[in-house]
Amino acid sequence: MNSLQINPVAVDLGFMQVHWYGLMYLFGFIAAWLLARRRANHLGLTKTQVEDLLFYGAVGVIVGGRIGYALFYDLAANLDNPLNILKIWQGGMSFHGGLLGVLFAVCLFARKNNKTFFEVTDFIAPLVPLGLFFGRIGNFINGELWGKVSDVPWAMVFPTGGALPRHPSQLYEALLEGLVLFILLWWFSAKPKPRAAVSGLFLAGYGSFRFLVEFVRVPDAQYGYLAFNWLTMGQILCLPMIIGGIAMMVWAYRANPTK
């Protein structure tokens, strides 16, 4: 039986603590920056425009992620104390909220730089999964968002999850939503595709992987199981992504049948 014993504080300077969770977000943004510079010619962007896009995206992720978490997963507590939304160092980020924040940022960037919305989303879609990978590693180090009790050989005891071993669902998500989705999108976008096809594959791919992992992940305590008494909030939020992503890919190829 494995036991998680990782200090969530990476560096303690006395007057300030640097948490692994925050560092994971930094690593994710660095990875996105490096990949964006490599792909800049796909969209005809300058170095400055790439940096602007990543800045817009970073703000969208953080603001949207925190607001999304407050609305989707902890509404009552945040209504009682709205200042909790600002405490990002304590964890609590919603991917779906972060996605909405990024999409809003993309709208602003596309309008400013005379690009279409789907041109920009197709460009950034392959950049996102490595950020998700680092984010899930941050969840793992924090000992949060663990899975259900299990007897699989790699099950782990989490300090906040009781004495029984559990699925390390954060690592499942890091593998599927992070590495596997990155490889899939990078391969798919290597050659020109109909506009919106790459974005559609991202939505369908992430939604499907997240939906599957939710079956072994403990649902949020404040909600438990919702629809049909077995779907979690995460799965309910993923269903529109899966349906919308598939619809986008069908539309993209029908609108551009020669590609």
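**Close-up 1. Helices H4 and H8 pack against each other in this predicted model.** Let's start with a pair of helices: H4 covers residues 95–112 and H8 covers residues 197–213. Their axes sit 13 Å apart, and the packing angle is about 170 degrees. Because roughly antiparallel means an angle over 145 degrees, H4 counts as roughly antiparallel to H8. Who does the touching? On the H4 side, look for Phe 95, His 96 and Leu 99. On the H8 side, find Phe 202, Leu 203, Tyr 206 and Arg 210. Sorted by class, the contact of H4 with H8 has five nonpolar residues, one polar residue and one charged residue.

**Close-up 2. Helix H4 also meets helix H9.** H9 runs over residues 233–255. Here the axes of H4 and H9 come within 10 Å, and they cross at roughly 35 degrees. What classes of residue make up the contact of H4 with H9? Five are nonpolar, two are polar and none is charged.

**Close-up 3. A salt bridge joins Arg 136 and Glu 173.** Zoom in on these two side chains and you'll find their closest N and O atoms 3.2 Å apart. Arg 136 belongs to helix H6 (residues 128–142), while Glu 173 belongs to helix H7 (residues 169–188), so the pair ties together parts that are 37 residues apart in sequence. How many salt bridges does the structure hold? The count is seven.

**Close-up 4. The second largest pocket holds about 360 Å³ of space.** A set of 16 residues lines this pocket. If you head for the centre of the pocket, the closest lining residues are His 42, Glu 119, Asp 122, Pro 192 and Lys 193. Helix H1 (20–43) and helix H5 (117–124) each supply at least two residues of the lining. Which helix gives the most to the lining of this pocket? That's H5, with four residues. As for the classes, the lining of the second largest pocket is made of seven nonpolar, two polar and seven charged residues.

Terms used. Residues numbered from 1 in each chain as written. Predicted model: local features only at pLDDT ≥ 70, side-chain atom pairs only at ≥ 80, totals over all residues. Heavy atoms only, no water. 1 Å grid on protein atoms, 1.4 Å probe; cavity = no way out; pocket = protein on both sides within 12 Å on 5 of 7 lines; lining within 4 Å. Points joined across faces, edges and corners; volume = space filled by probe spheres on them. Nonpolar A, V, L, I, M, F, W, Y, C, P; charged D, E, K, R; others polar. Axes fitted to C-alpha atoms, helices over the stretch in contact; angles between N-to-C directions. Parallel < 35°, antiparallel > 145°, perpendicular 65-115°, else oblique. Contact = heavy atoms within 4.5 Å. Salt bridge = Lys/Arg side-chain N within 4 Å of Asp/Glu carboxyl O.
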